[in-house]
Amino acid sequence: METFAKDFVTLLQYLLPGFVAAWVFYGFTSFPKPSQFERVVQALIFTIFIQAFVFITKKIFLLLGTKCPFFNWNGHFALIFAITFGIFLGITFSYFANNDKLHKILRYWKITKESSFPSEWFGVFLKNVTYVVLHFEDERRLYGWPIEWPSEPDKGHFVLEQASWLDEDNKDKQIPITGVKSIMVNAKDVKWVEFMENTWEKKNG
């Protein structure tokens, strides 16, 4: 029993940096959290990269340790560097998942046609920085500037600033919602979304 407990602690220390990397990734992105099994698999994949970094760092320390006692390697360094690399790896993957830069290069090389975003919904909102019109199930339309939006179309809320209703009879007429800084709308009440053309940018240009 004592041997099992010792082996379990050793295994946990080995996998912990991978779980830290996965925790950072899902904390900084809108990707839905997978099942427990998939999380363990992802932690194992992250652990492979992390342990490779730790191995290289250990070799560098051992090489420098022959000339400077400060670089003497021990077990505490391994855990500290593993967790540090885990956090760094999670942030790095989050960065590329949130800006589509890596997948853009891969699409250019014809390696994939996918984007790095968790869904088309998320990607469209991220790429289209503009005013939107929310169409409700009861045919009402709300115009405004989105400062927050749901990561998925069937849950969450929109938050609009400079919001105004659009007149049903005169499509170009706006009815401002006065005295309101922002308005929150349940995504379940929205039938579809229009992204407006950037006319103000053309005028400024």
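Which residues make a nonpolar surface patch of about 560 Å²? The patch is built from F37, V41, I45, F49, F53 and F93. Before going further, note that this is a predicted model: local features need pLDDT of at least 70, side-chain atom pairs count only at pLDDT 80 or more, and totals for chains, interfaces and linings use all residues. Residues are numbered from 1 along each chain as its sequence is written, and side-chain values use heavy atoms, with hydrogens and water left out.

**The patch**

Patch members have over 30% relative accessible area and no salt bridge; nonpolar side chains (Val, Leu, Ile, Met, Phe, Trp, Tyr) are joined within 5 Å, and like charges within 9 Å. Areas come from the Shrake-Rupley method with a 1.4 Å probe, and for residues only the protein chains shown count as cover. Helix 2 (residues 36–65) gives the most here, with five residues. Helices are DSSP runs of H or I, at least four residues, and strands are runs of E, at least two, numbered from the N terminus. F37 sits in helix 2 and is exposed, at 64% relative accessible area. For the labels, buried is under 20%, exposed is over 50%, and partly exposed is in between.

**The cores**

A nonpolar core is a set of buried Ala, Val, Leu, Ile, Met, Phe, Trp, Tyr and Cys residues joined through side-chain atoms within 4.5 Å. The largest has twelve residues, including F125, L142, V185 and A187. Strand 1 (132–136), strand 3 (157–166) and strand 6 (190–195) each supply at least two residues of this core. Apart from it lies another core, of ten residues, among them A22, I50, F85 and L89.

A187 also touches G156, with residues up to four places away in sequence not counted; contact means heavy atoms within 4.5 Å. G156 is in the loop between strand 2 (141–148) and strand 3 and is partly exposed, at 30%. G156 and A187 are 31 residues apart in sequence, yet 5.7 Å apart in space, C-alpha to C-alpha.

**Salt bridges**

The count is four, taking a side-chain nitrogen of Lys or Arg within 4 Å of a carboxyl oxygen of Asp or Glu. Here are some of them.

| Pair | N to O distance |
|---|---|
| D100 and R107 | 2.7 Å |
| K191 and E139 | 3.1 Å |
| K155 and E152 | 3.9 Å |

K191 lies in strand 6 and E139 in the loop between strand 1 and strand 2, so this pair ties together parts 52 residues apart in sequence.

Technical notes: Buried means under 20% relative accessible area, exposed over 50%, partly exposed in between (1.4 Å probe, protein chains only).
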